[in-house]
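My entries follow in the order in which I looked things up.

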Amino acid sequence: MTELNQLDNTFAEAVSKRPGGENIRNCFSCGACTAGCPISAIRPGYNPRKIIRQTLLGFRMQVLASRELWHCLQCHACVSHCPQDVRFADILRVLRQMAVEEGCVQPETARKLDMVNDELYRRRIEIVEGIL
Amino acid sequence: MKKPVLILGGGIAGIQAACDLAQSGSPVFLVEKTPSLGGRMAQLDKTFPTNDCSACILAPKVTECINHPLIKVFIKSELLELKGESPDFTAVILRKATGVDPVKCTGCGECAKVCPVKVESEFDENLCERRAIYKPYAQAAPNKFSIDRNACINCGRCEKACAAGAINRKMPDERTLLEVSAVIIANGCSVSKELTYHFGHLKYKDVITSIEYERMLSASGPFGGHVRRLSDGRAPSRIAFVQCSGSRSKCCGAPYCSSVCCMYAVKEASISREHMPKLSAIDIFYMDMRSFGKEFDKYVDSARDKYKVGFIRSRISHIERNEESGQVDIHYIDGNGMACVLPYDLAVLSVGLEAHAGSKEFWKKAGVKTDRFGFIHTSPFQPTQTTTHGIFACGSCAGPCDIPETVTQASAAAAGALVASSMKDAQGQCYFEAEEEVPERNTSKEAARIGVFVCRCGSNIGGFVDVPAVTAYARGIDKVAYASEFVFACSVDSQKVLSDICVSKRLNRVVVASCSPRTHEKLFQGALQKAGLNPSLLAMANIRDQCSWVHMNEPASATEKAKSLVKMAVSRVRFAKPLARLKIGVNKTALVLGGGVSGISAALSIADLGHCAVIVEKSGRLGGNAANLAHAHDLLPAQRRLDELILSALHHPNITVFTNARACASSGYVGNFETSLTNGKKIAHGATIIATGANERLPYEFGWNGLNVITQAELERKISSGSIAEKNIFMYQCAGSRGKERPYCSRVCCGAAVKNALIIKSISPEASITVLYRDMRTYGSGELNYQKAREAGVLFIRYEAENPPAISGSSIRFYESATGAFIESSFDLVVLASAITSNPDNSETAQLYKVPLTREGFFLEAHSKLRPVDFAVEGVYVCGLAHSPKNLKESVWQAKAAAARAMTVISKNSLEAEGMVARVNQSLCSGCARCERVCAYQAIEVKEELRRGAICRKADINPVLCKGCGTCSVACLCGAIDIDGFADRQIIAEVEALAAL
């Protein structure tokens, strides 16, 4: 049981104030972001809609401390599928930033995590070249 | 004669408005862009929630419209320019050449058979081809061909093939100036073209639009009603319907809700199961199920339970074709928040509605404001009136709406236009010249002299049935004084010849052996009338449908059958009697029960037309439920506008208001009612409008206390009085609706919640507002308020019916499914969206006027689709909340529609009863009352009378109310009831003729 008044109702406001988080309140919870997400397809726990709902409801700590925050590939499929222009991929970057600022993740860890994609792209080209 | 009204658009909206105006004596110019009437509705296979065949219920309306002497239809025409102001508009109409003389064309179709050019059929959504000379669809009306000049190669073959000489390829376009008093815009909408790219439309053949699917399902459509995949022609085994393809999107398509798609998808899904019982899956992917209309939720339940339609709550992200299986994969999110994929053979995109391209710019020139999407702007209290006086709008050109709403709005627009039309007397209208009436000849003393006219219908009949042989055979039948044949019996020339022969040969009965009486009986009856014969002295033999069409491969048998049909018709018509049509006077007053916004609006419409209206209100004041409203759904204050409305009714010289009064007794029938009121007054009236409203139920079981747990109406009053100071507010939707006890949607509550949330946010932005909902039913432009409310920070949380929020003390507890969290919160105020329940007085009112109620106690209209404010009983109409839950704008629409329908009665000086009515042979009647029970029109009453000292019970049929349906005649055990025009003697003679062959 969570008591709503203990939830942080300034959280959504704070997210929406930052560049990239402006449209979070547009969300009507349709699920298109999650339906088309390549990470959700292979990782059942990863649920962009849930992250948006939690943010709107004010589950501040659950969101900022969650490992899922770092699973996103930043492919922006969610952005292109969203009918309400919520721009989840951008919201996620805001949330990552806040997670670092609020000490949920060490800056050093965050830097490492940020570099994952660079490594990924390099690996992809290596694998493709290997197959060809 | 009144000054004509111009109606733009010949779909169901234009047709309804035209018929209402014409029936009230206003001439109409009906301008239609395509070659036929019917519009979007003609394209549909079935209609919800009755699953009636769309074309079948539309056809009688179209026929009525085309045949009405006060309606002039211009096909392939459009409005170029509108000058002047009401009631003196000048409209410039472009009439594009059809290339076919409509007077000569008989619609036989020989031209299309020889036309070498094939183009895609717009009517069939490009799923099949038509010729360059064509009729859009088989039942198209007017039943005339026209040439598509963009496709025509001028080969001239059609001209040679046309036996009627109707084709004129050099026909020029014409500009026509029309002087009109008012304009009704009824030109409908387009289906959205800009669909979400990810859904694969135009990319994959097996992703089709819902309108394409309608044509696929239609038995008269390109595939004969057999659904198949466009990629490989195989029948599908899994079908998916994808909602909001082009609606409720900021990024692609339209941000508003198209209102109709949820219901048509459920209909298409249900019909799919009926067509293909073996389908392994029929799934609908949706966000909110918006089945907000009357009986709609039950329809959705039946789709789920009876037709095994799957409902998956997810907007899909995208559709991808699986190259191996050939199926299309739909990506969605399941109830547990998992990204999933399901394969389907066919995906049907529920496309939305959008305004015609360029409508905004076009109407700007006439001063008519549209919204940013191009839909014509109207206000809640005057919902048919555009921003230009004398120009009205109805149907989907003014925003997405379904067929019943379109029909309602069309009648309402007609009520408005009627005022302008009645202001002017227009003489010399060349389009509406009344024909001279020929006095009827008394044939009762003459021996039967029957004339038989056999039609070749070009080669339509003549190519299969040996018409000369049938004619010769007819000449030999007893009592036949004359027989001949026509190439086209229905052509104008033939009609003249037929009348002349009736006179010169002194014929007193006529048989026409041609096509269906459904389409042509009125025409031939007209020819008889011109010869001074009573129209009931005609009989038709349908040798086209029943001989040449069904036996096209057996010409000899077809000819024999045609002879039999002719002999039967002759035997029947021999005993036909001239039927007199009873005329009754009409009282010009309308009685309006209920003094809410509906009642007042209806009364004002009638009073503005110069007739008297009597409003009877149960309470001590006018205004009804609207007196609670702080704001209308346009977010503007309501009370000032309501006061204006009430004052204009109170000060209107033609309106009498009785408050603290109710109807307690009523007698009479259409045109001549008498109602007694509880205040002792007796009102004589010609029409009755029931606008008795409904109530907001107090939901005690949800913890209602009127203090910090209140209803929406109480919230409205709180906002009005400026006493809203609560900071933590919950709005609890469906508190009493959509449950077991009240299995219907109260329709207004989602819109009201969003509206009130926005108003409270504008008063105190720091207020925290949470809306707990099951499906957000902010249909139409309400979706834009829903969007605004989210942006303003209002939190929307969905709950499941099985797991509703619970209130205890000053805290509320609910389950949030997307996060899987149980949440408990204290609150300052909970607003319960309680159910709208029917007026408890309804059963009494229903008995007074002999009209039916639904199970929930709302009034049940004659037909949910096409007669939304009528009853089977004539002269009684319903509007507003008495009909079903609806918002203020919708109530006013219905009120004005009811007024327009009432005007079709009270604008006349006399009413003509049907000639074909049931009659009781008093000596045979046993007074068992079986007939009284089966009569749908309440036309029969068993009366007691004293005969030779004993009480006798005898059925008495009111010929004014009788529709001649014959049900009573069948139910009568004594054989005491006979139908004029279908007398037992005639039927027996007909059967004997067949037996004697």
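I began with salt bridges, taking as one any side-chain nitrogen of Lys or Arg within 4 Å of a carboxyl oxygen of Asp or Glu, and found 69 of them over all chains. The model is a predicted one, in which local features need pLDDT of at least 70 and side-chain atom pairs count only at pLDDT 80 or more, while totals for chains, interfaces and linings use all residues.

Entry on B:Asp478. The side chain of B:Asp478 meets that of B:Arg574 in a salt bridge, at 3.8 Å from N to O. The two residues belong to distant parts of the chain, 96 residues apart, with B:Asp478 in the loop between helix 11 (467-475) and strand 26 (480-486) of chain B and B:Arg574 in helix 15 (residues 555-574) of chain B; helices (H or I, at least four residues) and strands (E, at least two) are DSSP runs, numbered from the N terminus. For accessibility I call a residue buried under 20% relative accessible area, exposed over 50% and partly exposed in between (1.4 Å probe, protein chains only). B:Asp478, at 52%, is therefore exposed, and B:Arg574, at 31%, is partly exposed.

Entry on B:Lys618. I then looked up the salt bridge between the side chains of B:Lys618 and B:Asp841, which is 2.8 Å from N to O. B:Lys618 lies in the loop between strand 31 (612-616) and helix 17 (639-650) of chain B, and B:Asp841 in the loop between strand 46 (836-838) and helix 21 (842-849) of chain B, so the pair ties together parts that are 223 residues apart in sequence. B:Lys618 counts as partly exposed at 43% relative accessibility, whereas B:Asp841 counts as buried at 18%.

Entry on arginines. B:Glu701 and B:Arg697 meet through their side chains in a salt bridge of 3.2 Å, N to O, and B:Arg697 is buried, with a relative accessible area of 19%. I also noted one network, joined by salt bridges that share partners, whose members include B:Arg248, B:Asp288, B:Arg290 and B:Glu783.

Entry on the interface. How many salt bridges are there between chain A and chain B? I find 1, formed by A:Arg53 with B:Glu816, their closest N and O atoms being 3.3 Å apart. Helix 4 of chain A gives the most to the side of chain A that touches chain B, with 6 residues, and by class that side has 14 nonpolar, 13 polar and 6 charged residues. In these classes Ala, Val, Leu, Ile, Met, Phe, Trp, Tyr, Cys and Pro count as nonpolar, Asp, Glu, Lys and Arg as charged, and the others, Gly among them, as polar. The contact (heavy atoms within 4.5 Å) takes 33 residues from chain A and 40 residues from chain B.

Entry on burial. In helix 6 (residues 210-217) of chain B, 8 of its 8 residues are buried, among them B:Glu212, B:Glu214 and B:Arg215. B:Ala846, in helix 21 of chain B, is buried at 6% relative accessible area, and, leaving aside its neighbours within four places in sequence, B:Ala846 is in contact with B:Val851, B:Leu853 and B:Phe859.

Notes. Residues numbered from 1 in each chain as written. Chains lettered and ligands numbered in written order. Heavy atoms only, no water.
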